Amino acid sequence: MNILNYVKRLKLEISYLPEPAQQTKTVNHSVGMPIHDAIELPDVVKDTYAVLLVSSPTCHPCHEALAEFLKENRSLQIPFVCLAEADQADYFEKFRADYSKWAEIVPVKEAVLKRLGITRFPTFFVIDPKGVIQREFLLVHFLVKYVEQIRVSLETGGKDGQ
């Protein structure tokens, strides 16, 4: 329990750190890659900016990140899908049963995760209307800021959301 409290405090402290002035390289080699090259997505996230959470059913932080994002997305209302590692069918089915009423859960094999360059869970991707991965995030706080920037840009006439 002490460890969980420590991790929560650490996450909070990290959220107060200033964002880097300019990112010099992408976090993940799949940034810039069309997601459709790796997986077929449901219609809810096609032809629009959307968020994908890549998670593992056995990853406790994934459960926390999913719950936190779902809470934030009540106001954002951005299309969203959770891509869940499905090689261990029993764990995947339990994960799907637990969350499918709040989010679409798409099974993903480990080979696809490797192709996407996923090295840690949870990982959030923001995709553009063409399905190209624009950014990767590990923390919901920074993801939400980025999504809000996209929304403002689109509302003010920005064409690419950036």
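Guide: Let's start at Gln77, which sits in the loop between helix 2 (60-76) and strand 2. Helices (H or I, at least four residues) and strands (E, at least two) are DSSP runs, numbered from the N terminus. Keep in mind that this is a predicted model, where local features need pLDDT of at least 70, side-chain atom pairs count only at pLDDT 80 or more, and totals for chains, interfaces and linings use all residues. Residues are numbered from 1 along each chain as its sequence is written, and side-chain values use heavy atoms, with hydrogens and water left out.

Now, what's curious about Gln77? Its phi is positive, about 55 degrees, although Gln77 is not a glycine. It also counts as exposed, at 57% relative accessibility. Here "exposed" is over 50% relative accessible area, "buried" is under 20%, and "partly exposed" is in between (1.4 Å probe, protein chains only).

You'll find Asp47 in the loop between helix 1 and strand 1 (50-55), and it is exposed, with a relative accessible area of 68%.

Follow the chain past strand 2 (80-85) and you come to Ala86, in the loop that leads on to helix 3 (89-99). Is Ala86 buried or exposed? It's buried, because its relative accessible area is 10%, and the cut-off for buried is under 20%. Leaving aside neighbours within four places in sequence, Ala86 is in contact (heavy atoms within 4.5 Å) with Phe92, Pro107, Val108 and Lys109. There's also Ser56, 30 residues away along the chain: its C-alpha atom and that of Ala86 are separated by 7.8 Å.

One more loop is worth a stop, the one between helix 4 (110-116) and strand 4 (123-127), where Pro122 sits. The peptide bond from Phe121 to Pro122 is cis, with omega near -10 degrees.

Leu10 is partly exposed, with a relative accessible area of 34%.

Finally, zoom out. The chain has five helices and five strands, and reading along the sequence gives α-β-α-β-α-β-α-β-β-α. Of the 162 residues in the chain, 43% are buried. Among contacts with a separation of 6 or more, 67% come from residues 24 or more positions apart.
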